[in-house]
Amino acid sequence: MSQTTFSIRMDDNLKKDFDKLCEEFGMSMTTAINVFARAVVREKRIPFEVASSKAPAYAADRRAFYNANPVASRMSMVMRQLSAEAERAGAADMTLDEINAEIDAARSGR
């Protein structure tokens with residue numbers, strides 16, 4: 001795979017804080033940016049909520065929804081746990097076809 005250079009401008013203090021945190025994670029800033037970019041491409045969305053500080057009602061509405069719907073709350077928690085496990089297992093990037101092939105192989109005892 002060919003590589004390219006990607007240059008961005010960032011506040012000095014933010015860069016220092018980001019670099020320090022990346023080191024704590026055991027990765028470089030380049031690796032962290034690549035992880036972010038891969039997640040955006042894979043999920044076709046920003047992989048976290050981006051909201052205006054003027055929109056706190058959305059978070060409150062979402063909390064109220066999950067508080068009123070214990071099944072939805074439990075499903076959300078289970079999905080977060082499954083996603084984390086897939087990340088740990090290195091399977092988070094699998095396509096649906098690859099997942100189905102794994103299921104078929106497991107069912108047939110291969």
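Tutor: Let's begin with a term we will need: a pocket is an open set of grid points with protein on both sides within 12 Å along at least five of seven lines. The model we will look at is predicted.

Student: Thanks! With that in hand, how much space lies in the second largest pocket?
Tutor: A volume here is the space filled by probe spheres set on the grid points. For the second largest pocket, that space comes to about 430 Å³.

Student: Which helix gives the most to the lining of the second largest pocket?
Tutor: The pocket is lined by 18 residues, and Ala39, Arg42, Glu43, Pro47 and Glu87 lie nearest its centre. Two helices, helix 2 and helix 4 (70–89), each supply at least two lining residues. With six residues, the one that gives the most is helix 2.

Student: How many residues in the lining of the second largest pocket are charged?
Tutor: Among the residues nearest the centre are Arg42, Glu43 and Glu87, and Asp, Glu, Lys and Arg count as charged. Over the whole lining, eight residues are nonpolar and three are polar, while the number of charged residues is seven.

Student: Now the largest pocket, please: which residues are the closest to its centre?
Tutor: The largest pocket holds about 530 Å³ of space. Of its 16 lining residues, the closest to the centre are Thr4, Phe6, Thr30, Ile33 and Asn34.

Student: And which helix gives the most to the lining of the largest pocket?
Tutor: By class, this lining has eight nonpolar, six polar and two charged residues. Helix 1 and helix 2 (29–43) each supply at least two of the lining residues. The most, six residues, come from helix 2.

Student: Let's step back to the fold: how many helices are there in the chain?
Tutor: Read from the N terminus, the elements run α-α-α-α-α. There are zero strands, and the number of helices is five.

Student: Which helix has the lowest mean pLDDT?
Tutor: Across the chain the mean pLDDT is 80, with 82% of the residues at 70 or more. Where pLDDT is low, the predicted coordinates should not be read in detail. Among the elements, helix 1 has the highest mean, 91, and the lowest, 66, belongs to helix 3 (residues 56–68).

Student: At the start of helix 1, which residue has a backbone nitrogen within 3.0 Å of a side-chain oxygen of aspartate 11?
Tutor: A pair of N or O atoms must be within 3.5 Å to count as a polar contact. At the start of helix 1, the side-chain oxygen of aspartate 11 comes within 3.0 Å of the backbone nitrogen of asparagine 13.

Student: How many residues of helix 1 are buried?
Tutor: Buried means under 20% relative accessible area. In the chain of 110 residues, buried residues make up 4%. Helix 1 is itself hardly covered, and among its 14 residues the count of buried ones is one.

Student: One last thing: is lysine 44 buried or exposed?
Tutor: Lysine 44 sits in the loop between helix 2 and helix 3, just after helix 2. Its phi is near 55°, a positive value in a residue other than glycine. The cut-off for exposed is over 50% relative accessible area. Lysine 44 has a relative accessibility of 71%, so it counts as exposed.

Notes:
Residues numbered from 1 in each chain as written. Heavy atoms only, no water. Buried < 20%, exposed > 50% of the residue type's maximum accessible area, 1.4 Å probe, protein only. Helix = DSSP H or I, 4+ residues; strand = E, 2+ residues; numbered from the N terminus. Polar contact = N/O pair within 3.5 Å; in protein donor to acceptor, adjacent residues only side chain to side chain. 1 Å grid on protein atoms, 1.4 Å probe; cavity = no way out; pocket = protein on both sides within 12 Å on 5 of 7 lines; lining within 4 Å. pLDDT = per-residue confidence, 0-100.
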